[in-house]
Amino acid sequence: MNFFGAEISLSMVLHGLLWFVGWLVFCRVRKLPVARPGVEGRRLSVIIPARDEEENIVPLLDSLRKGTILPGEVIVADDHSSDRTADRARSGGARVVACREAPAGWQGKTWACAEGARDAQGEFLLFLDADTRLEKEGLAKLLSRGESADGALSLPPYHDVQKPYESLSAFFNLVQMISSGAFTIFPSVSMKRLFGPCLLIRRSDYDRVGGHSAVKDKILEHFFLSEILLREGVPLGIASGEGVLRYRMYPNGWGDLVKGWSKAFAGGAAGTSWLLPAVIAWFTGALGTARHLLSVGVVGPSSLMPVLVVFYGLYVVQIHWMLRRAGRFGFFTALFYPVGMAFFVGIIVYSTALKVFGRQVSWKGRKTSS
């Protein structure tokens, strides 16, 4: 074996070890159990912050109406929409709260959540993003878990991918789940992080920690609310969204997809403790394997090709298993995983550059810092 072949063989050993790192950070994916018989929704207030969501709000309200239980009230906090969000919410049976002008220092979503919660009457508050959809038994499963255990409950919606370009969100969805700290081989209570699209919490706990005013300037509001809840002794519950809640991300095209992921992801990555270097190591192993496979395919030596194909196949099988827990991602997304990973890395670099240079992203008529 020449020097070039020995170097690649040594690299393969390293990349094989890094393959195991992937299992360390994502292997224990738990779903919510079936709903407890007799659970009732009358003690629940659903709060939906909404800005220019006329296309999303009706399907969400329909999914709430078609559930096996009905919430006590549904509040849509209309954040100065320029479209027919408020009218469609009323026609869908929701109570619309027109948000006042946000005080200085608040993000639009955190202010809308606070405005909706201010008028809510329920013992439990469920905050949902407008682009989410509940499965038929989703609300019953959420409330069953909320009533039977103390603390806040959050879960990532299952990504309902419909167009090929939407598969580029694959590694964003996966890294979000990894960053929650709930699906690692050794899940730690102290490093759990909540997801933005869905939060169920008792009203008493919400008020005790100061509600959304405690994270008023954060784009990833529930991610940072986690630390405050834990500090105040409120346990956090995390589960998979499969069978409970789903969404379709950025259906309006590439522009929204790039802007949407750019506006916040770098800031969230900074708060993931040891998981961040672990994810970087796993990415390095996966992309390094692909690079060496390409290199050997072009310049040889061909004797290393079978070993490299096996390693690449291991990453494909691992990534396919992981992505199926995050959403409806097809096998080809895993087979061509270097494309999705490279896109993820590119957006992280872009988002970090925006943050470093103080640039802002325009989102629904507002400027937001990444």
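In which loop does Ser-167 lie? In this predicted model, the loop between β7 (158-159) and α6 (170-179) holds Ser-167.

Ser-167 is buried, because its relative accessibility is 16% and the cut-off for buried is under 20%. Apart from neighbours within four places in sequence, Ser-167 touches Val-161, Phe-329 and Thr-333. Another loop, between α6 and β8 (198-202), contains Ile-185. Ile-185 is partly exposed, at a relative accessible area of 33%. Ile-185 and Gln-162 are 23 residues apart along the chain, and their C-alpha atoms are separated by 31 Å.

Gly-237 belongs to strand β9, which covers residues 236-238. Gly-237 has a relative accessible area of 3% and is buried. Although Gly-237 and Ala-152 are 85 residues apart along the chain, 6.0 Å separates their C-alpha atoms. Ala-152 is also one of the contacts of Gly-237 when neighbours within four places in sequence are left aside; the others are Arg-145, Leu-153 and Ser-154.

## Helix α5

How many of the eleven residues of helix α5 are buried? Helix α5 runs over residues 138-148 and is mostly covered, with nine of the eleven buried. The buried residues of α5 are Gly-138, Leu-139, Ala-140, Lys-141, Leu-142, Leu-143, Ser-144, Gly-146 and Glu-147.

Several elements take part in covering these buried residues. Among the strands are β1 (44-50), β4 (124-128), β5 (132-134), β6 (152-154) and β8. Helix α2 (54-65) is also included in the cover of α5.

## Helix packing around α14

Two packed helices are described by the angle between their axes and the distance between the axes. Helix α11 (residues 275-299) and helix α14 (residues 337-356) have axes that come within 10 Å and cross at roughly 130 degrees. The two helices, α11 and α14, are therefore oblique to each other. The crossing of α11 past α14 is left-handed. On the α11 side the contact is formed by Trp-282, Phe-283, Ala-286, Leu-287, Thr-289 and Ala-290, and on the α14 side by Tyr-337, Pro-338, Met-341, Phe-344 and Val-345. Sorted by class, the contact of α11 with α14 has ten nonpolar residues, one polar and no charged.

Helix α12 (residues 305-326) also packs with α14: their axes come within 11 Å and cross at roughly 70 degrees. That angle makes α12 roughly perpendicular to α14. Here Tyr-312, Tyr-315, Val-316 and Ile-319 of α12 meet Tyr-337, Pro-338 and Met-341 of α14. The contact of α12 with α14 consists of seven nonpolar residues, with no polar and no charged ones.

## Helices α6 and α12

At what angle do α6 and α12 pack? The angle is about 80 degrees, and the axes of α6 and α12 are 9 Å apart. The pair α6 and α12 is therefore roughly perpendicular. Helix α6 contributes Ala-170, Phe-171, Asn-173, Leu-174 and Met-177, while α12 contributes Ile-319, Met-322, Leu-323, Arg-325 and Ala-326. By class, eight residues of the contact of α6 with α12 are nonpolar, one is polar and one is charged.

## Positive phi values

Most residues other than glycine have a negative phi, and most peptide bonds are trans. Asp-52 has a positive phi, near 55 degrees, and is not a glycine. Asp-52 sits in the loop between β1 and α2. With 24% relative accessibility, Asp-52 counts as partly exposed.

Tyr-250, also not a glycine, has a positive phi of about 50 degrees. The loop holding Tyr-250 lies between β10 (245-247) and α9 (254-262). Tyr-250 counts as buried, at 13% relative accessibility.

## Cysteines

How many disulfides does the model contain? The count is zero, with a disulfide taken as a pair of cysteine sulfur atoms within 2.5 Å. Cys-99 is in no disulfide, and the nearest cysteine sulfur, that of Cys-113, is 9.0 Å away. Cys-99 is buried, with a relative accessible area of 7%.

Key. Residues numbered from 1 in each chain as written. Predicted model: local features only at pLDDT ≥ 70, side-chain atom pairs only at ≥ 80, totals over all residues. Heavy atoms only, no water. Buried < 20%, exposed > 50% of the residue type's maximum accessible area, 1.4 Å probe, protein only. Axes fitted to C-alpha atoms, helices over the stretch in contact; angles between N-to-C directions. Helix = DSSP H or I, 4+ residues; strand = E, 2+ residues; numbered from the N terminus. Parallel < 35°, antiparallel > 145°, perpendicular 65-115°, else oblique. Left-handed = near helix turned anticlockwise from the far one by under 90°. Contact = heavy atoms within 4.5 Å. Nonpolar A, V, L, I, M, F, W, Y, C, P; charged D, E, K, R; others polar.
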